[in-house]
Amino acid sequence: MWFGLLAMVASHAEEPRPPRPSDSELLEAVISESPRGRVLSVDFSDAPRDGGRIGCGLIDIDGVVEPFSTLTAWRGPPTVTVRLVGQPAPPVKPPHWSISAVVPTRTESDQDAETSRSARNQDAVQRKLALMVCRDLQPPEGSVWTTELEPHPDPARDAEIKRLAKRTTDALFGDRD
């Protein structure tokens with residue numbers, strides 16, 4: 001089976017942007033990601049590019065203080081569209097403001113050990129992402145923010161996971177060894 005790719009450069013006249021979402025809309029995104037949470041503090045700042053806004057703060061989720069980040073960014077029209085030959089063109093989203101929030105969900109799973117480990121790892125990834133955006137956030141006294149993934153309990157499976165992760169990283173960024 002043969003697939004072909006076609007790249008087209010789109011030329012769009014830039015229309016006036018609608019107003020940027022408000023800080024309270026950014027906080028709504030945080031609460032929608034963690035409905036059990038209560039925002040303790042938040043600081044907003046303008047993003048370095050495109051008129052966006054970044055919010056960094058602390059949220060209490062079931063008695064545990066966690067970091068969060070939220071941001072809005074302008075998504076303009078795509079400059080390059082990739083199509084498979086013989087396939088219909090994908091729909092093009094009009095320019096818009098996007099809002100995202102990164103919050104550990106603190107999902108506790110009593111189903112089995114693997115599901116619990118997976119939920120803790122997901123929280124660790126969310127924490128790490130929030131702290132990458134909000135470098136000044138520090139855990140309150142007595143809190144520990146784990147940002148490292150727990151290894152798989154089966155050493156053979158853990159080694160396979162690490163091998164696949166390295167292969168993917170090397171494919172994306174080149175061999176770093």
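Which residue in E6 is the bridge partner of Thr-70? The legends below take up this pairing and other details of the chain.

**Notes for all views.** This is a predicted model, in which local features need pLDDT of at least 70 and side-chain atom pairs count only at pLDDT 80 or more, while totals for chains, interfaces and linings use all residues. Residues are numbered from 1 along each chain as its sequence is written, and side-chain values use heavy atoms, with hydrogens and water left out.

**View 1. The protein chain as a whole.** Three helices and six strands make up the secondary structure of the protein chain. Helices (H or I, at least four residues) and strands (E, at least two) are DSSP runs, numbered from the N terminus. In that direction the order of elements is β-α-β-β-β-β-β-α-α. Of the 177 residues, 27% are buried; buried means under 20% relative accessible area, exposed over 50%, and partly exposed in between (1.4 Å probe, protein chains only). The chain exposes about 12300 Å², of which carbon and sulfur atoms supply 56%. Accessible areas come from the Shrake-Rupley method with a 1.4 Å probe, and for residues only the protein chains shown count as cover. Among contacts with a separation of 6 or more, 58% link residues 24 or more positions apart, a contact being heavy atoms within 4.5 Å.

**View 2. Strand E4 and its two partners.** Strand E4 spans residues 64-75, and nine of its 12 residues are buried. Two strands pair if DSSP finds at least two bridges between them. E4 pairs with strand E3 (residues 53-61) in the antiparallel sense over nine bridges, and Val-65 of E4 is the bridge partner of Asp-60. Strand E6 (residues 96-102) also runs antiparallel to E4, joined to it by seven bridges. Here Thr-70 has Ala-101 of E6 as its bridge partner, which answers the opening question.

**View 3. The hairpin of E3 and E4.** Two residues lie between the strands of this hairpin. Asp-62, in the loop between E3 and E4, has a positive phi of about 55 degrees although it is not a glycine. Most residues other than glycine have a negative phi. Is Asp-62 buried or exposed? With a relative accessible area of 53%, Asp-62 is exposed.

**View 4. The second largest pocket.** The volume of this pocket is about 240 Å³. On a 1 Å grid over the protein atoms alone, a cavity is a set of points where a 1.4 Å probe fits but cannot get out, and a pocket is an open set with protein on both sides within 12 Å along at least five of seven lines; lining residues have an atom within 4 Å of a point. Grid points are joined across faces, edges and corners, and a volume is the space filled by probe spheres set on the points. The lining includes Ala-47, Pro-48, Asp-50, Ile-54 and Trp-74. E4 gives the largest share of the lining, five residues. By class there are six nonpolar, two polar and three charged residues. Ala, Val, Leu, Ile, Met, Phe, Trp, Tyr, Cys and Pro count as nonpolar, Asp, Glu, Lys and Arg as charged, and the others, Gly among them, as polar. Asp-50 belongs to the loop between strand E2 (37-46) and E3. Although not a glycine, Asp-50 has a positive phi of about 60 degrees. Its relative accessible area of 48% makes Asp-50 partly exposed.

**View 5. The largest pocket.** This pocket has a volume of about 320 Å³. Its lining has 16 residues, and those closest to its centre are Asn-121, Glu-148, Leu-149, Glu-150 and Ile-161. Helix H2 (113-133) and helix H3 (155-173) are the elements that give two or more residues to the lining. H2 supplies the largest share, six residues. The lining divides into seven nonpolar, three polar and six charged residues.

**View 6. Asp-158 in helix H3.** Asp-158 is found in helix H3. Asp-158 counts as buried because its relative accessibility is 13%. Its neighbours within four places in sequence aside, Asp-158 is in contact with Pro-151 and His-152.

View 7. Gly-76 is in the loop between E4 and strand E5 (80-84). The relative accessible area of Gly-76 is 35%, so the residue is partly exposed. Gly-76 and Trp-97 are 21 residues apart in sequence and 8.5 Å apart in space, C-alpha to C-alpha.
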